[in-house]
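Hi everyone, and thanks for coming. Please take a look at the model on the screen, and I'll walk you through a few parts of it.

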Amino acid sequence: MKGKYYRPAAGAAVALTYAAATIFNPLTLRVLAADLVVFVLVFIWRQKSESILWSAVRLLAYTLPYTMIYSVGTRVDNNFPLWPLTLQLSLVAYGLGDIVSLIIYSVTGAPLLTLPLNPESFGWYTLSTLSVPVAFYAIFGQEGMKYVKAAIESMRRKSGEIFEHAIPGITRDIEWNALLIDDKSGSVKGLVEPGIHYGPLKGISSSVFPQALLEESRDTLIPLHGCGSHERNLVFSKDSREYAKIIAREATKRGVKCTPLEPKVARYNGWTTILLGCTEKPLIIAFRRDGSEDVPCDLLGDMARNVIFVDGHCITTDNPSHYGLRDALQHALMMVEECDSPRCCLVKVNISDDLMREANICQGWIAVYKQCCRTNCASIAIIPSNNVERSAAPRYWEHLGERVHIITIDDHSCIVDETNLGELRWSERLASLIKRLETGCTPSNCSLKIASGKKKLRVWGERSFYTLSKLLKRAAIAWKIVIITYLIPIIVGLALLIESLLD
């Protein structure tokens, strides 16, 4: 069942199950009353949901296994333990609400879920209620909980503003650079390295920048990924859109004619470098065939002022090595030669939704840039993905050969959780499309310009990046604990139920 029939059917199934459980054991009404308390506290009082009815169904479905075990168990044994259920309701009250919601639930739920004359039941209830905040604070700490709450709320509301406001950030002067191509067709196109990182997650911070730049420039400026990592995320998505608007407006105004260079591809110290653009400030794309990720800007040193550096991001690795990069860049700069007859072409095409899904591309476009000097050419295919899967990269290299090099822009605009990392997968259709685009991209005489500018922007900074990196590792542990916390009580409850039935 899909579409409009899914939610009504799911709601009906949950409602009928609870009705059956209530008829079987009227004490189930106490559980429903406790569910109602949590529902009112979290989803109505705290306004933590856009769909009240669907939130109610999901909450009931979440506690359904415990309700069924409780309904049967209390019929067999009046002292059947309730702490598995109270633990889950505490988790919802605190995890989706806050400490105030938890306190109110704890006080209100006590007479509902414990017998007034049963001190042992009340003790287990209190312990299960307190264990949730204690466990979360032990894992994340006070500062970490602020980020966790903001992340949960942002995902629930499908809006990143709450998470963005949780990041303190720092103000920095960010420099952008653009290589502009005038191929005499009447419109100037270009490649932009904006000096920021496109993260962290879908719709949050600067993950919106690539699409915003395309929209503001009417598809004439293509975003690239330079040096740095999440410390260069912009704090606010609204700043990302405004920054894209500034670059789209200023790039053509600031463009200064430059001397074209002869495009070259070189391999040195384990690095591949692609030399494009102009002699005054060459655009150098660098990557390793054993994997490259987020080259630190400090590693570039003084060269950062003299080149437009682009990280190729063309094969995923868990252990990126930056050894030998400076020497490889110096080697590339030594190869710079003027070109007196440059020819260029830059094409961007939209791709279908099914090809996006097949190749796991974050946005529905790809671009190809080709620069030639006489018969010597170099071509790049720009893909809006987070990186390239390790198994897919060699297949693309084999299919495309040396005629065109895939680079990705480290796009985080489709990353929501660990199930959708946005890494480019192997797609024969995409590889064939890239090859056709490169072949059809016929270079013509062109004039090249370099444009640059600076803007004060609020970025994450190293401290926020370090804190959130640490929290992400702890979150993986916390998520496992949540899963275990959900499953083990069910197993224990079933075991106790079987034992009670056998007795």
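Helices (H or I, at least four residues) and strands (E, at least two) are DSSP runs, numbered from the N terminus. Before we use those words, please note that this is a predicted model, where local features need pLDDT of at least 70, side-chain atom pairs count only at pLDDT 80 or more, and totals for chains, interfaces and linings use all residues. Residues are numbered from 1 along each chain as its sequence is written, and side-chain values use heavy atoms, with hydrogens and water left out.

Now the overview. The chain has 14 helices and 16 strands. Of its 503 residues, 52% count as buried, where buried means under 20% relative accessible area, exposed over 50%, and partly exposed in between (1.4 Å probe, protein chains only). Contact here means heavy atoms within 4.5 Å. Among contacts between residues at least 6 apart in sequence, 75% join residues at least 24 apart.

Let's zoom in on a helix pair. Two packed helices are described by the angle between their axes and the distance between the axes. Axes are lines fitted to C-alpha atoms, for helices over the stretch in contact, and angles run from 0 to 180 degrees between N-to-C directions. Helix α4 (residues 83–97) and helix α5 (residues 99–113) have axes that come within 8 Å and cross at roughly 155°. That is why α4 and α5 are roughly antiparallel to each other. Which residues in α4 and α5 meet? From α4 we have L85, T86, L89, S90, A93, Y94 and G97, and they meet I99, S101, L102, Y105 and L113 of α5. The residues of this contact of α4 with α5 divide into eight nonpolar, four polar and no charged. For that count, Ala, Val, Leu, Ile, Met, Phe, Trp, Tyr, Cys and Pro are nonpolar, Asp, Glu, Lys and Arg are charged, and the others, Gly among them, are polar.

Next, the disulfides. How many disulfides does a search of the whole structure find? The search finds seven, counting a pair of cysteine sulfur atoms within 2.5 Å as a disulfide.

One of them joins C227 to C297, with S to S at 2.1 Å. C227 lies in the loop between β3 (221–223) and α9 (237–254), and C297 in the loop between β7 (283–288) and β8 (308–311), so the pair ties together parts that are 70 residues apart in sequence. C227 is buried at 15% relative accessible area, and C297 is buried at 16%.

Another disulfide joins C344 to C446, S to S 1.9 Å. C344 sits in strand β9 (residues 342–350) and C446 in the loop between β15 (444–445) and β16 (447–459), so this pair ties together parts that are 102 residues apart in sequence. C344 is buried at 0%, and C446 is buried at 9%.

Finally, some backbone details. The peptide bond from G199 to P200 is cis, with omega near 10°, and P200 is in the loop between β2 (188–193) and α8 (209–216). H313 has a positive phi of about 45° although it is not a glycine, and H313 counts as buried at 0% relative accessibility.

Notes: Angles under 35 degrees count as roughly parallel, over 145 as roughly antiparallel, 65 to 115 as roughly perpendicular and the rest as oblique.
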